[in-house]
Structures are given as C-alpha cells and as structure tokens.
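These exercises are meant for a reader who is meeting the structure for the first time. Please work through each task before turning to its solution.

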Amino acid sequence: MHDYSAIDKIFRETIDTIRNGQERMFNIAETAREEYIRVKKDFAEVKDRTAEVIKKVDVFEGKNKLVRRRLAEVSRNFDRFSEADIKDAYENVKDIQVKLVLLREQEKQLRERRTELEMRCRNLSQMAEKAEEMVSHVGVAIDFLTSNLENIWGEMEKAQLREKTIFAIIKAQEEERLRIARDIHDGPAQSLVNMVMQAEYCQRLLEMRPGDVNTELEV
C-alpha cells in the first residue's frame with residue numbers, strides 16, 4: 001500500500017515554502033515602497049535646487065554680458081577712463097565668469113543627480129508594484145491550495161481505504177484457497193491415495209498369499 005502521509009507532508013511543506021516566499025516578496029515590496037518614498041523626496045528637493053541654480057545661471061549670464069560690454073567699452077577708450085575704472089572692469093569680468101563657471105558646473109551636477117533620482121523613482125515604483133502583484137498572485141495560489149488540500153487528502157484517504165479493502169479481499173481469498181488445499185490434501189485426496197496403495201498391496205498379496213487377502217480387506 002502507498003504511504004499517503006508522505007504525500008501529505010510534501011503538500012504541506014510546499015505550501016509552507018510558498019508562504020515563506022510570499023512573506024519575502026512582501027518584505028521586498030515594503031522595502032521598495034519605503035525607498036521609493038525617500039528617493040521621491042530627494043528627487044523633489046534636487047529638482048527645486050536645480051531650478052534655482054538654473055535661474056542663477058541665467059542671471060549671471062546676463063551680468064556677464066553687461067560686464068563684458070563694459071570691459072569692451074573701457075578697452076576702446078583707455079584715455080577716457082581712469083586706471084581704477086579699467087581695473088574694476090577687468091575684475092568684474094573675472095569675478096562674474098568664475099561664478100558663472102561654478103554655477104554651470106553645479107547646474108550640470110544637479111541635472112545629472114535629478115535624472116538619476118528620477119530613474120530610481122521609476123524603477124523602485126515598478127519594483128514595488130510588481131512585488132505587490134506577485135504577493136497577490138501567490139496569495140491566490142495559497143488560498144487555492146489550502147482550500148483544496150482537505151479535498152485532496154479526503155480523496156487520498158478514500159483511495160487508501162479502497163486499497164486496504166482490495167488487499168483484505170485478496171488476503172481472504174488466498175487464505176480460503178490454502179484452507180481448501182489443506183482440506184483436499186488431508187481429506188478425500190489422502191483417502192484416495194490410501195485406497196490406491198491398499199489395492200496395489202492386495203494385488204501383490206493375492207499373487208503371493210491369496211488366503212490373506214480377505215483379512216487385509218477387512219482392516
């Protein structure tokens with residue numbers, strides 16, 4: 001007979017494994033969702049800072065045009081401006097250009113950071129959604145398996161009972177066959193053998209000592 005308890009154990013261990021997988025998937029979804037919220041906040045902050053720096057760059061580009069225009073005017077008319085005016089014109093251009101370079105570099109870094117955070121937000125959101133979807137699907141599978149497990153086990157018990165019944169019938173038939181064989185061996189068959197042996201003995205006795213035949217037959 002089959003050991004259906006082993007099959008039941010496999011079923012239950014499989015369901016437990018699926019449940020553990022569902023729990024891990026749920027934790028992944030929760031972690032991804034929490035990380036998404038954090039990254040989304042960082043993205044919003046970087047986005048605002050990027051917008052501010054872009055405005056500053058625009059302002060300093062305007063200032064750069066003005067100071068360069070002033071420097072060009074001073075350069076064309078050295079005799080009309082004092083040494084201090086000329087020095088200020090050069091210093092202003094230099095100062096504005098340095099600040100503009102720094103702002104442009106800051107803008108570049110912020111734009112890259114903004115793009116990176118935007119991509120991470122998108123990926124984390126998709127990961128969380130997929131993980132939550134998997135949790136839902138696994139939950140449906142677990143519900144299906146657990147709801148049908150008892151029915152499956154019931155059918156297995158019925159099959160086991162049928163197998164036991166068939167085995168008992170076969171065993172009873174075999175025992176009856178052996179009993180009949182013993183009865184035949186100990187009963188008519190044995191008597192028949194004795195009669196044959198006695199007949200053969202009487203035949204030989206008739207040939208050798210005819211007078212003793214009647215005595216042997218009476219025994």
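**Exercise 1.** Why does Ala72 count as partly exposed?

Solution. The model is a predicted one, in which local features need pLDDT of at least 70, side-chain atom pairs count only at pLDDT 80 or more, and totals for chains, interfaces and linings use all residues. Residues are numbered from 1 along each chain as its sequence is written, and side-chain values use heavy atoms, with hydrogens and water left out. Begin with the cut-offs: buried means under 20% relative accessible area, exposed over 50%, and partly exposed in between (1.4 Å probe, protein chains only). Ala72 has a relative accessibility of 31%, and therefore counts as partly exposed. Finally, the C-alpha atoms of Ala72 and Ala89 lie 8.9 Å apart in space, although 17 residues separate them in sequence.

**Exercise 2.** Determine whether Ser125 is buried or exposed, and find its contacts beyond its sequence neighbours.

Solution. Ser125 is located in helix α2, residues 83-186. Its relative accessible area is 14%, so Ser125 is buried. Once neighbours within four places in sequence are set aside, Ser125 is in contact with Arg33 and Tyr36, contact meaning heavy atoms within 4.5 Å.

**Exercise 3.** Which residues does Thr146 touch, not counting those up to four places away in sequence?

Solution. Thr146 is also a residue of helix α2, and because its relative accessibility is 29%, Thr146 counts as partly exposed. With residues up to four places away left out, Thr146 touches Ile15 and Arg19. For Ile15, the C-alpha separation from Thr146 is 7.8 Å, while the two residues are 131 residues apart along the chain.

**Exercise 4.** Describe the protein chain as a whole, and say how confident the predictor is in it.

Solution. Count the elements first: the chain has 4 helices and 0 strands, following the pattern α-α-α-α along the sequence. Of its 219 residues, 20% are buried. Among contacts between residues at least 6 apart in sequence, 80% join residues at least 24 apart. Among the elements, α1 has the highest mean pLDDT (87), whereas helix α4 (residues 213-218) has the lowest (53).

Conventions. Helix = DSSP H or I, 4+ residues; strand = E, 2+ residues; numbered from the N terminus. pLDDT = per-residue confidence, 0-100.
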